[in-house]
Amino acid sequence: MSVRIILIGPPGAGKGTQAAKLSEKLGIPAISTGDIFRANVAGETELGKTAKRYMDAGEYVPDEVTNSMVQDRLGQDDAKAGFLLDGYPRTEAQVAELDRMLEGMGEKLDHVVELTADTDEVVERLLARAQLQGRSDDTEDVIRHRLDVYAEQTQPLTDIYAERGLLRQVDGLGEVDAITDRIIKAIDT
Ligand code: ADP
């Protein structure tokens, strides 16, 4: 199926988990900017070195860096017939840049899925994940800061997409599979 989806939601809302499920069900690649940055950090590339400084502080990586990385990724063959973006766009400037990229490809977005979860729940999930995965940005202070940055810079993007008639809000609380079903329903318009 040729479908282009953005998944948006606070850290800990379960975007990565749902992205993997949806990718399989819909047969489209899940593109996670966070994962691409982490792979670059692990591989000690120049991009990784730049990104790490911001990620460890809970800040967003500068738009120019992120935008060109996404442009490269969307240009790859497997993204031609659709994709699911997890973690991009996160700023208004990234929205404009994605619009430009899609226009260049002669494509448009189909859905923006907002996965909702309240702050106490996401903090709890992220602290639990910290124990399991040891991600360097999952300490309590950095988690709180990431949530503030999300509220300030990313939450407002939902208004932009609501105005375009693309926003589908989905409750991110509950069983993983039940949430996947909710998302499938929400995009089955
Ligand atoms: P989470 O959603 O739990 O914060 P991600 O894995 O999506 O985790 O992102 C981890 C970090 O990667 C972010 O805190 C940020 O530093 C960086 N990052 C990911 N996507 C973007 C983006 N679109 N723009 C800027 N920075 C990003």
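This is a predicted model: local features need pLDDT of at least 70, side-chain atom pairs count only at pLDDT 80 or more; totals for chains, interfaces and linings use all residues.

Q: Is Gly16 buried, partly exposed or exposed?
A: Gly16 is partly exposed, because its relative accessible area is 45%.

Q: Which residues does UniProt put under "binding site" along with Gly16?
A: The unreviewed entry has an annotation covering Gly12, Ala13, Gly14, Lys15, Gly16, Thr17, Arg129 and Gly174. Of these, Lys15 is included in the lining of the largest cavity.

Q: Where is Gly12?
A: Gly12 sits in the loop between strand S1 (4–8) and helix H1 (15–26). Gly12 counts as buried, because its relative accessibility is 14% and the cut-off is under 20%.

Q: What does Gly12 touch, beyond residues up to four places away in sequence?
A: Val122, Arg125 and Leu126.

Q: Which other residues does UniProt list for "binding site"?
A: The unreviewed entry also lists Thr33, Arg38, Glu59, Tyr60, Val61, Gly87, Tyr88, Pro89, Arg90, Gln94, Arg135 and Arg146. They spread over 114 residues of sequence. In space, they are up to 24.9 Å apart between C-alpha atoms.

Q: Which of those line the largest cavity?
A: The lining includes Gly87, Tyr88, Pro89 and Arg90.

Q: Where does Gly87 lie, and what is it in contact with?
A: Gly87 is in the loop between strand S3 (83–86) and helix H5 (92–105). Its contacts, leaving aside neighbours within four places in sequence, are Leu7 and Thr33. Gly87 counts as buried, at 9% relative accessibility.

Q: And Val61, buried or exposed?
A: Buried, because its relative accessibility is 8%. Val61 lies in the loop between helix H3 (46–57) and H4. Setting aside neighbours within four places in sequence, Val61 contacts Phe37, Ala51, Tyr54, Met55 and Thr66.

Q: Switching to packing. How do H2 and H4 cross?
A: The axes of H2 (residues 33–42) and H4 (residues 63–74) come within 11 Å, crossing at roughly 100°. So H2 is roughly perpendicular to H4.

Q: Which residues meet there?
A: From H2, Thr33, Ile36 and Phe37. From H4, Val65, Thr66, Met69, Val70 and Arg73. By class, that contact has five nonpolar, two polar and one charged residues.

Key
Residues are numbered from 1 along each chain as its sequence is written. Side-chain values use heavy atoms; hydrogens and water are left out. UniProt positions are given in the numbering used here, feature names are shortened, and annotations may be inferred rather than shown by experiment. On a 1 Å grid over the protein atoms alone, a cavity is a set of points where a 1.4 Å probe fits but cannot get out, and a pocket is an open set with protein on both sides within 12 Å along at least five of seven lines; lining residues have an atom within 4 Å of a point. Helices (H or I, at least four residues) and strands (E, at least two) are DSSP runs, numbered from the N terminus. Buried means under 20% relative accessible area, exposed over 50%, partly exposed in between (1.4 Å probe, protein chains only). Contact means heavy atoms within 4.5 Å. Axes are lines fitted to C-alpha atoms, for helices over the stretch in contact, and angles run from 0 to 180 degrees between N-to-C directions. Angles under 35 degrees count as roughly parallel, over 145 as roughly antiparallel, 65 to 115 as roughly perpendicular and the rest as oblique. Ala, Val, Leu, Ile, Met, Phe, Trp, Tyr, Cys and Pro count as nonpolar, Asp, Glu, Lys and Arg as charged, and the others, Gly among them, as polar.
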